[in-house]
Amino acid sequence: MKRLFTLLCALTLTLACAAEAKTVEAASPGGNLRLAVDVSDRITYGLWSGEDKILENCTLSLTLADRTLGEKPRLRSVKRSSADEVLERRNPTKNASVRNRYNAVRLNFAGGYAVEFRLFDDGAAYRFVTSLPGEVEVMGEACRLGFPAGSEAWLSEVDGFRSMYEEPYTRVATAEYDSADRMSYLPVLVGMPGGKKVLLAESDVRDYPCMFVRGDGAGGFESLFPRVPKEYAPAGDRSLKIVAEEPYIARTQGTRTFPWRVAVVAEKDAALIENELVWLLAEPAADADWDWVKPGLVSWDWWNGMRLTGVDFRAGRNTESYRYYIDFAARYGIPYIIMDEGWSASTTDVFHPNPDLDLQELIAYGRERNVQIVLWLTWLAVEKDMDRLFATLEEWGIPGVKIDFMDRSDQWMVGYYERVMKCAARHRLFVDMHGSYTPKGLYRTYPNLLTYEGVLGMEQGGRCKPENSNWLPFIRNAVGPMDFTPGSMFSAQPEDN
């Protein structure tokens, strides 16, 4: 009798849990994308494009120091919303206006958190939203993505989180990609057996690390994140080496929105290029005067090693050579030249030009010819005295800077990007992030952030091959502007050096 009672209790509990299980469905405005979110002992979802299931058995959770959001969730309410508006882009690097049309569903759970999904006709995204007191430590975030059998992916594989984001694409079958293989940074392109493609990306990454993925051994991807640096050691004149890490990936405010996990869906490859989801999902720019930001072409000296020939002066990082570059830019209507490494007294002393060039004279010389000078800096030099440095550059009449060698995407470095953009905006400077991770939407929040590198360009010489570059418009460039070195001609002879 006692055993029968125990079995009845267990059956009652099972039926109660089953009764609590709930499926929430939503569709994109045009109806071509459909989402089904299952809430039981965890949160799972699937995504369909027409009759094709393109994401399956996907799970999500956010682990804090004291609990895991998404584990044994208790659904309190479901809120639906929609939008259909045309947004004007400030200083557009793509479309001048963008249609923001989506249907959204927000699942509010007990315990002070929610998961919000948005469905556009060309993709879907979700994010965590928390309303928790004080600060929280995020120990990890699980984003498991499953794909139909027979899918393949184009990855940029790396051995660790310290990455220059300049790796070539490798093509792998998702069924053969597992946790023993190298991980990949985003974006990642996945091709379905029927020809449709899904571009995996993220947006609105702020005060949080960037996401990496690796195979989970079951035909899908699982997420990985760099942890917060705890201790550093010197690493030359332009960076620092991480020698110890915290156990968590982020320490952040308990009340906030977290980054969007994005899936761009395309029936044709051209649609990947046309999508604007990373921009649309990012925090809009402050309603302020951004008219001072003037994007434009730039002439760059570094890749040629300053090897000018046929001139009546000795080429180098000196006043005469930069006058020549300014004259060249003026002749062809190029509004900017970059002075790359070597313009300053050293990579660490960026308040004084090198003794071979008169920077103030060159700034005035360029102004007379409608050519302005952009200066290269290491991130470490900027970090040491950011506000004073940017105030000095503003006083000199410098319109923008190129910042290099970040090569990381942990929470601290992501925060560095935003601190740079805020300070640069105060001093009316635009920024080119070289040695950077790929765009995550910050270029919408701060329109003075014009470009990121995060790409394998001709700067890498023979590593940059046409078969790899052909993919860039559909993967890398599909998430935002890029700083791609297009190449050049070396015509100088040894005796000219």
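Tutor: The discussion below takes up the sheet, then the helices, then the backbone. Please keep in mind that this is a predicted model.

Student: In what order do the six strands of the open sheet lie?

Tutor: Strands of a sheet pair through backbone hydrogen bonds, in either a parallel or an antiparallel sense. Here the order is β20-β21-β22-β23-β24-β25, with parallel pairing. The edges are taken by β20 (298-300) and β25 (449-452); each has a single partner strand, so one side of each lacks a neighbour in the sheet. From one strand to the next, the twist averages 25 degrees.

Student: Which strands pair with β23, and over how many bridges?

Tutor: Strand β22 (residues 372-378) pairs with β23 in the parallel sense over five bridges. Within that pairing, Val 374 stands opposite Gly 400, and Leu 377 has Ile 403 as its bridge partner. Strand β24 (residues 430-433) also runs parallel to β23, joined to it by four bridges; there, Gly 400 stands opposite Phe 430.

Student: Are the residues of β23 buried or exposed?

Tutor: In a regular strand, side chains alternate between the two faces of the sheet. Since five of the five residues of β23 (residues 400-404) are buried, the strand is largely enclosed by the rest of the structure.

Student: Which helices pack on the sheet, and at what angles?

Tutor: Helix α5 lies across β21 (336-339) and β22, running at about 140 degrees to β22. Helix α8 packs on the sheet as well, touching β23, β24 and β25, and its direction makes about 155 degrees with that of β24.

Student: What are the corresponding values for α7 and α8?

Tutor: The axes of α7 (residues 386-396) and α8 come within 9 Å, with a crossing of roughly 35 degrees. The crossing of α7 and α8 is right-handed. Among the contact residues are Met 386 and Phe 390 of α7, together with Tyr 416, Val 420 and Cys 423 of α8.

Student: Where is there a cis peptide bond?

Tutor: The value to inspect is omega. A cis peptide bond joins Leu 186 and Pro 187, with omega of about 5 degrees. Pro 187 belongs to strand β12 (residues 183-191).

Student: Which residues other than glycine have a positive phi?

Tutor: Asp 204, with phi near 60 degrees, is one of them. Asp 204 lies in the loop between β13 (197-203) and β14 (212-215), and counts as buried because its relative accessibility is 8%. Phe 405 also has a positive phi, about 70 degrees. Phe 405 is placed in the loop between β23 and α8; at 25% relative accessibility, Phe 405 counts as partly exposed.

Definitions and conventions:
Residues are numbered from 1 along each chain as its sequence is written. This is a predicted model: local features need pLDDT of at least 70, side-chain atom pairs count only at pLDDT 80 or more; totals for chains, interfaces and linings use all residues. Side-chain values use heavy atoms; hydrogens and water are left out. Buried means under 20% relative accessible area, exposed over 50%, partly exposed in between (1.4 Å probe, protein chains only). Helices (H or I, at least four residues) and strands (E, at least two) are DSSP runs, numbered from the N terminus. Two strands pair if DSSP finds at least two bridges between them. Axes are lines fitted to C-alpha atoms, for helices over the stretch in contact, and angles run from 0 to 180 degrees between N-to-C directions. Contact means heavy atoms within 4.5 Å. A crossing is left-handed if the near helix is turned anticlockwise from the far one by less than a right angle, and right-handed if clockwise.
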